[in-house]
Each structure stands twice: as C-alpha cells, then as structure tokens.
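Okay, everyone, let me put this one up on the screen. Have a look first, and then I'll talk you through it.

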There are 2 protein chains.
Amino acid sequence: MAEELTVGVLLFIPYRAMENRVFAAMAEAGYGDITVAQARLLQRIGPDGTRLTVLAEAAQVTKQTAGFLVDQLERAGYVERVPDPADGRARLVRLTGRALEGIPVADREVAKVEQEWERHIGKRRMAQLRETLTMLREITDPYQ
Amino acid sequence: MAEELTVGVLLFIPYRAMENRVFAAMAEAGYGDITVAQARLLQRIGPDGTRLTVLAEAAQVTKQTAGFLVDQLERAGYVERVPDPADGRARLVRLTGRALEGIPVADREVAKVEQEWERHIGKRRMAQLRETLTMLREITDPYQ
DNA sequence: TACTTTAATCAGTGTCTCTGACTATCGTCA
DNA sequence: TGACGATAGTCAGAGACACTGATTAAAGTA
C-alpha cells in the first residue's frame, strides 16, 4: 500500500485524523455524548443563533435531518430554540452555556494538532498548505 | 463567512467536492446504486479477492458492518463470494465483471477533477500539495 | 484429544439521512 | 386588502449504516 494515492484520498486522511483527535479530546473533557453529525451542525451556529434552514443548508443536509439533530442537541442541553423576533415562522437555534464552555476545549486540541503537523512538515509548507487549500475552496465550496 | 477556517475543515471541503463529483459521474454511467460506504469497501478489494476480515480492517469498520455491505454488493451484482482454497473457514470477496467495468469511469472523473484543480491553483502548487499531503500522511495514517 | 484462535454469521439496537406531506406565517401584487 | 406562491419548520415513514454481543465452524497448537 505504498502506491500513489489520489489527492482526494490524501486530503481525507489528515482530515479524519484531526476529527478523531478533537473527538477524543472532547470525550475526555466530558463531552462524550456529542456525535459527528451533531458537531457538524454545532460548528455552524452563530453567536446570536441561527435558523434551522440556514443550518441545514450549511451542513448540506435536509431540514428534517437538521431538525432531528437539533432535537438531540436540545435534549442533551447544548442548544435551545428561541422565537425569531424578525420572522414569526422561524426559530433561532442558540448555543447554551454548556456548549459555549466546550468551544475552547475543541479549539485547544485543533491548535495542538496543527502544531504537530507544522513541526513535521515545517512552517513554510504549513503556510503554503493553508494558502493552497483556501484557493481550492474557491472552486469547491458551494457555500463559502 | 470569509473567516479563516482551520486546516482540518479546509481539507474536508475539496475532499467532499471530489467525492460528490465521482459519485455523480458513476450515477450518470449507470452505477447509481452504489453508496459511499459500499464504495469504500469496493476500493479495497484486491485483484484475486480479499477476505472479509481484511476488508473490515482496511475500511475501519467491524466485520459485521463489512458483511452487511458485502451482502448488498453481492445482491447488486458487484461482488461474489468464493471459498478460500487456503482456509476452509474463510471466503474471498471478489469483484465481478460489472464492478471491473466501473473502475475506469471513476478514474476518469478523478483525473478530470484533478486537472480542474491544477488549472485553478497552478502546476507547481498542485505538486506541492500532493507532496505535503503525502508527508502529512506519515503521521496521520494509522493504516499506511 | 482438548484448548485457543480465527473467519464469518446471526440477532438486536441506535444513529443518521432521506422523501413526502402538512401547518403556519410571510411577502407580494392585482 | 385579500388571494396566492414562497418560506420555516414539523410529522410520519422508510432505508442505510454502524455498533455490541453471542454463535458456528474450521484451523492451529500443545
């Protein structure tokens, strides 16, 4: 298995590694009940709350799926639904204190992993990688 | 949303784009019944067939899950199970003609997407990206 | 031969995601 | 202003995927 993998697969390997690391760190800090799907949604919730439809679009799932995940997150105490003052149909999904306290834990682990990577490939390559991926995002991210 | 994303998320965006493109191409060519999980398993099947346990390990799922996916692939006509001459307990999962015909379709789309990326970021950056990701793989791929 | 390991399957469960149908509200335009 | 299409969200039902735990059958080993 020392063959030349495609860039697609090569992108996935470190991504998956990062995800696993952050999840392990969260679990260790007492946030072991959050799933991958829930985390993807959590990341998209803005400081003043975000509508379900916006969340669904950003996470690339249906409204139903997003609603299902928010139900779970609400039950676990990570988010709350409040009426949207600007639109009677809509409700805003907002992070609770418990969720807000978890953010630094995740951020710290992300920073730690990025440092390990930088140590391995060097500062210059790391900056280049970030730059290149940002350029690639221009043509691959439909929701940027 | 023009903020600086973490490298982890930046890796995921183009990966996801590649995956979507390949799946769309496969669907267009008449392979629309293959799912992501099934494809991950299919990729790991060697030319002479591969045991279920090996497949499960490589794809990082349990034997049960791998067996479930192979059941589906068998029903759809992409793989067949044959006895392993070397071990009476084991059976080899082998690709059928139908699956083998699909491989070039996927390869072509991968090449096409990589070309588009190269056109956007340039030949030099593309080569650097491949190099950097390969280096990163050394510390992030437990199954290399 | 008895014991342990390995390959695969069976049974049961929980999570995630989808399609389709529905209610309530909003915005617009005649 | 009142009718109508669009939008926000929910309910109902289904399928895909992944897990743990237990079981059967065959190898390998002492």
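I'll start with the ground rules, then the chain contacts, then the DNA.

So, this is a predicted model: local features need pLDDT of at least 70, side-chain atom pairs count only at pLDDT 80 or more, and totals for chains, interfaces and linings use all residues. Residues are numbered from 1 along each chain as its sequence is written, chains are lettered from A and ligands numbered from 1 in the order written, and side-chain values use heavy atoms, with hydrogens and water left out.

We've got 39 residues of chain A in contact with 39 of chain B, contact being heavy atoms within 4.5 Å. About 4300 Å² is buried between them, with carbon and sulfur atoms giving 70%; that's accessible area (1.4 Å probe) lost on putting the two parts together, summed over both. There are two salt bridges between the chains, meaning a side-chain nitrogen of Lys or Arg within 4 Å of a carboxyl oxygen of Asp or Glu. A:Glu131 forms one with B:Arg125, closest N and O atoms 2.4 Å apart.

Now DNA strand D. Of the 22 residues around it, A:Thr53, A:Lys63, A:Arg89, B:Thr35 and B:Gln64 come nearest, and "around" is a heavy atom within 4 Å.
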